[in-house]
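User: I would like a close look at a single part of this model, with the cut-offs stated as you go.

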Amino acid sequence: MTEHLLDVNNLVTSFRTADGNLTAVRGVSFSVEQGETLCIVGESGCGKSITSLSVMQLLPNGQIDNGSIQFDGKS
Ligand SMILES: Nc1ncnc2c1ncn2[C@@H]1O[C@H](COP(=O)(O)OP(=O)(O)OP(=O)(O)O)[C@@H](O)[C@H]1O
Ligand SMILES: [Mg+2]
């Protein structure tokens, strides 16, 4: 298996809201090599910020429901 600096596989992140469960990120996968810059582009609300905050473990609330995030070989 090829190891990248960052590996995000099938990331699913959701929020529990007063109106029910809101899945903000559904099955996102990407990898980044050392020294590489990855630009994530998409319409407003598609989940760019929540994907990034999930990777950095900086979610304000909300939870990671599925997937794996490996950085430098560590979960
Ligand atoms: N704290 C939160 N509680 C509930 N839902 C949230 C919360 N933060 C974001 N969301 C929802 O998660 C989804 C993804 O939001 P996100 O902020 O990741 O979008 P974005 O792609 O970064 O948009 P933008 O280009 O406007 O920055 C949206 O439906 C948003 O309303
Ligand atoms: Mg954003």
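Which residues does Val32 touch, not counting residues up to four places away in sequence?

Analyst: Val32 touches His4, Leu5, Leu6 and Leu38 once residues up to four places away in sequence are set aside, contact meaning heavy atoms within 4.5 Å. This is a predicted model, in which local features need pLDDT of at least 70 and side-chain atom pairs count only at pLDDT 80 or more, while totals for chains, interfaces and linings use all residues. Residues are numbered from 1 along each chain as its sequence is written, chains are lettered from A and ligands numbered from 1 in the order in which they are written, and side-chain values use heavy atoms, with hydrogens and water left out.

Val32 also belongs to the largest nonpolar core, whose 10 residues are Leu6, Val8, Leu11, Phe15, Ala24, Val25, Phe30, Val32, Ile50 and Ile69; such a core is a set of buried Ala, Val, Leu, Ile, Met, Phe, Trp, Tyr and Cys residues joined through side-chain atoms within 4.5 Å, where buried means under 20% relative accessible area (1.4 Å probe, protein chains only). The elements that give two or more residues to this core are β1 (6-17) and β2 (20-32), strands being DSSP runs of E with at least two residues.

A polar backbone atom of Ile50 is 2.9 Å from an oxygen atom of ligand 1, a polar contact being a pair of N or O atoms within 3.5 Å.

Key:
A polar contact is a pair of N or O atoms within 3.5 Å; within protein, one must be able to donate a hydrogen and the other to accept it, and residues adjacent in sequence count only if both atoms are side-chain atoms. Buried means under 20% relative accessible area, exposed over 50%, partly exposed in between (1.4 Å probe, protein chains only). Helices (H or I, at least four residues) and strands (E, at least two) are DSSP runs, numbered from the N terminus.
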